[in-house]
Amino acid sequence: MPQTSNKQTNRLTFAAFVVLMVGLGSSDSLRGIFSTIFQQHFALSTTQLGLIVTVSYIGNLVFLLVGGNLSARFAKKRVLQVLMLIWMAALALFALTDSYPVLLVAMALVMGSSTLLNTTMNLITPLLFTAAPGFFVNFLFFTQGIGTSGSQFFLGSMADGFRFWQYTNLGLLVLGVAAFGMLLFCPVPEEPAVAPGALPQAEGRLTDRLGVVVPFVLVFGFYFIAEHGVMNWLVAYGTTGLEMTQAAASRYLSVFYGGVMLGRLVLSPLVDKLGVIRSMQLFGVISGVLYVAGSLGGAALMPLWAASGFFLSILYPTLVMSIRLYFPAQQVSGAAGTIISIASLADILFNVGFGRLVDLAGYRLSICVLPVSMVLFLITFLLFTRRCRPLKDQ
């Protein structure tokens with residue numbers, strides 16, 4: 001009987017995670033959907049529009065840097081609750097204010113808290129379902145994809161002004177309140193403690209593996225620009241650069257992230273069969289060809305760009321998995337945090353520079369930065385995996 005009760009409470013906890021993940025996925029996609037509306041409503045230059053994206057990634061960086069300390073010092077449930085309150089407070093600012101500076105502050109808060117919530121839930125989920133942790137973690141990514149792709153499809157075609165932006169955030173706030181209420185009645189398991197001597201050892205040895213850390217930072221950085229550039233700029237490029245309707249450009253964005261969502265379910269079993277490196281090489285090349293052709297081919301080849309999302313879907317989670325192949329077990333968490341935090345600076349620098357580049361050169365020329373980043377991601381990864389042998393089998 002206690003076992004059954006424990007399973008039920010775990011399912012309720014996971015249900016709260018699912019509700020929250022749908023909300024987070026929707027929230028994360030809103031910048032791209034409403035970018036042209038922000039520009040019109042606040043009379044922004046493209047540089048100012050890019051600043052909205054830039055502060056989002058600054059929020060990510062700050063929250064990631066302090067997140068590890070929070071999780072180590074406080075109970076996971078308390079950390080989740082505090083982060084959810086920050087996220088909901090930012091949504092309330094979106095819904096109740098009409099100010100560009102407030103929008104920037106709230107964007108940093110909503111994206112930073114969202115990133116750390118996502119990370120924390122993915123660490124907790126394997127503790128809820130020890131028998132099949134991989135399935136439930138992937139399912140959590142899938143539900144986040146439902147929020148991302150669904151909002152891009154439905155909201156992209158309906159978004160018609162700033163008032164709709166405010167109503168959308170009120171709806172997400174209701175979703176957040178529901179998840180918070182569910183979590184109040186759920187136990188949240190704690191992660192096993194790390195051995196006291198592991199962290200100093202990992203930090204010391206990481207400095208001896210700069211030949212691995214630096215290429216990984218470049219690979220992640222180029223990848224972040226290529227994928228996040230689609231979310232943040234495809235709609236603006238389609239409407240302004242290619243003279244598409246808002247609905248048409250949003251549909252392509254929806255197809256891209258719908259492909260990401262489905263690909264993570266359909267293609268993930270192949271990673272185990274092919275191995276981490278081979279699957280990255282195969283699907284990286286396929287998605288790269290579609291991505292480059294679609295992004296450079298104008299409106300006629302936009303469907304190829306959208307279709308590349310399906311094959312690109314496994315690249316990020318598999319890339320994170322590949323870190324464990326190149327570092328001793330006690331270093332993996334520290335290495336991943338270091339690599340991803342530094343690489344996230346690429347998002348910040350890209351969005352500052354890209355907005356300014358569009359103001360100077362226009363969208364048609366500026367958008368070439370994205371396929372170039374995709375090509376550099378592939379070249380860097382392929383050269384790195386040929387030059388550097390993994391420490392362990394895949």
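How many helices and how many strands are there in the chain? There are 17 helices and zero strands, and the model you are looking at is a predicted one. Of the 394 residues of the chain, 54% count as buried. Among contacts with a separation of 6 or more, 84% join residues 24 or more positions apart.

**The nonpolar core and Phe38**

- The largest nonpolar core has 112 residues, and Phe38, Met107 and Phe216 touch the most other members.
- Helix α9 (residues 210-241) gives the most to this core, contributing 17 residues.
- What does Phe38 touch, once residues up to four places away in sequence are set aside? Its partners are Arg31, Ala43, Leu44, Leu49, Ile52, Leu103, Met107, Phe162 and Trp165.
- Phe38 is one of the buried residues of α2, together with Ser35, Thr36, Ile37, Gln39 and Phe42.
- Helix α2 (residues 35-42) is mostly covered, with six of its eight residues buried.

**Helix α9 against α17**

- The axes of α9 and α17 come within 8 Å and cross at roughly 155 degrees.
- An angle over 145 degrees counts as roughly antiparallel, and α9 and α17 are therefore roughly antiparallel to each other.
- The crossing of α9 and α17 is left-handed.
- On the α9 side, the contact is made by Gly211, Val212, Pro215, Phe216, Leu218, Val219, Phe222, Tyr223, Ile225, Ala226, Gly229 and Val230.
- On the α17 side, the residues are Leu370, Ser373, Met374, Leu376, Phe377, Thr380, Phe381, Phe384 and Arg387.
- Sorted by class, the contact of α9 with α17 has 16 nonpolar, four polar and one charged residues.

**Helix α9 against α14**

- How do the axes of α9 and helix α14 (residues 315-326) cross? They come within 12 Å and cross at roughly 175 degrees.
- That angle makes α9 roughly antiparallel to α14.
- From α9, Val212, Phe216, Val219, Phe220, Tyr223 and Phe224 take part in the contact.
- From α14, the contact involves Leu315, Tyr316, Leu319, Val320, Ser322, Ile323 and Tyr326.
- The residues of the contact of α9 with α14 divide into twelve nonpolar, one polar and no charged.

**Helix α12 against α17**

- Helix α12 (residues 276-296) and helix α17 (residues 369-387) have axes that come within 9 Å and cross at roughly 160 degrees.
- These two helices, α12 and α17, are therefore roughly antiparallel to each other.
- α12 passes α17 in a left-handed crossing.
- In α12, the residues that meet α17 include Met280, Gly284, Val285, Gly288, Tyr291, Val292 and Leu296.
- In α17, the residues that meet α12 include Leu370, Pro371, Met374, Phe377, Leu378, Phe381 and Leu382.

**Two buried residues in helices**

- Tyr237 lies in helix α9 and is buried, with a relative accessible area of 4%.
- Tyr237 and Tyr363 are 126 residues apart in sequence, but 6.0 Å apart in space, C-alpha to C-alpha.
- Leaving aside neighbours within four places in sequence, Tyr237 is in contact with Leu242, Ser295, Gly298, Met302, Trp305, Tyr363, Arg364 and Ile367.
- Ser27 is in helix α1 (residues 2-33) and is buried too, with a relative accessible area of 5%.
- Beyond residues up to four places away in sequence, Ser27 touches Trp87, Leu91, Val110 and Leu172.

- Ala43 follows α2 and lies in the loop between α2 and α3 (46-73).
- Phi of Ala43 is near 55 degrees, a positive value in a residue other than glycine.
- Is Ala43 buried or exposed? Ala43 is exposed, with a relative accessible area of 64%.
- Glu243 sits in the loop between α9 and α10 (246-266), and its phi is also positive, near 60 degrees.
- At 71% relative accessibility, Glu243 counts as exposed.

Methods: Residues numbered from 1 in each chain as written. Predicted model: local features only at pLDDT ≥ 70, side-chain atom pairs only at ≥ 80, totals over all residues. Heavy atoms only, no water. Axes fitted to C-alpha atoms, helices over the stretch in contact; angles between N-to-C directions. Helix = DSSP H or I, 4+ residues; strand = E, 2+ residues; numbered from the N terminus. Parallel < 35°, antiparallel > 145°, perpendicular 65-115°, else oblique. Left-handed = near helix turned anticlockwise from the far one by under 90°. Contact = heavy atoms within 4.5 Å. Core = buried A, V, L, I, M, F, W, Y, C linked by side-chain atoms within 4.5 Å. Buried < 20%, exposed > 50% of the residue type's maximum accessible area, 1.4 Å probe, protein only. Nonpolar A, V, L, I, M, F, W, Y, C, P; charged D, E, K, R; others polar.
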